[in-house]
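Please consider the model shown below. The paragraphs that follow lead through its confidence, its helices and a few individual residues.

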Amino acid sequence: MSNLDDSIGKILLELQKDDPETFTKLMKKAQEENPELFNDTDVENIEIEEYNKKVEEYNKSIDEE
């Protein structure tokens, strides 16, 4: 089962990078359907997500220049 988990994780990482809007929708739906999987989200993970969003915004601004 860990190979399947690894494959799903890789697919999700690619989706997050290539299509962040779809990734966000997918994760929200997963959280609604399986909230027990997301109960352990701690402050550090939230901070990392916020940092990643800022980095993405910065990278987009540089690409647009």
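E14 is partly exposed because its relative accessible area is 41%, where buried means under 20% relative accessible area, exposed over 50% and partly exposed in between, with a 1.4 Å probe and protein chains only. This residue, E14, lies in helix α1; helices are DSSP runs of H or I with at least four residues, strands are runs of E with at least two, and both are numbered from the N terminus. Between the C-alpha atoms of E14 and E50, which are 36 residues apart along the chain, the separation is 18 Å.

The model is a predicted one, in which local features need pLDDT of at least 70, side-chain atom pairs count only at pLDDT 80 or more, and totals for chains, interfaces and linings use all residues. Residues are numbered from 1 along each chain as its sequence is written, and side-chain values use heavy atoms, with hydrogens and water left out. The predictor's confidence in each residue is its pLDDT, on a scale from 0 to 100. For the chain the mean pLDDT is 85, with 92% of residues reaching 70 or more. Confidence is highest in α2, at 90, and lowest in helix α3 (residues 43-64), at a mean of 86.

With which residue does K17 form a salt bridge? The partner of K17 is E14, and their closest N and O atoms are 3.7 Å apart. A salt bridge here is a side-chain nitrogen of Lys or Arg within 4 Å of a carboxyl oxygen of Asp or Glu, and the structure holds 1 salt bridge. Side chains of opposite charge can pair when their charged atoms come close. Both K17 and E14 belong to helix α1, where they are 3 residues apart, about one turn of the helix. K17 counts as exposed because its relative accessibility is 59%.

On the α1 side L12, L15, Q16, K17 and D18 take part, and they meet P20, T22, F23 and L26 in α2, contact meaning heavy atoms within 4.5 Å.

F23, placed in helix α2, counts as buried because its relative accessibility is 14%. Leaving aside residues up to four places away in sequence, F23 touches L12, L15 and Q16. Beyond helix α2, N34 lies in the loop between α2 and α3, and N34 counts as partly exposed at 29% relative accessibility.
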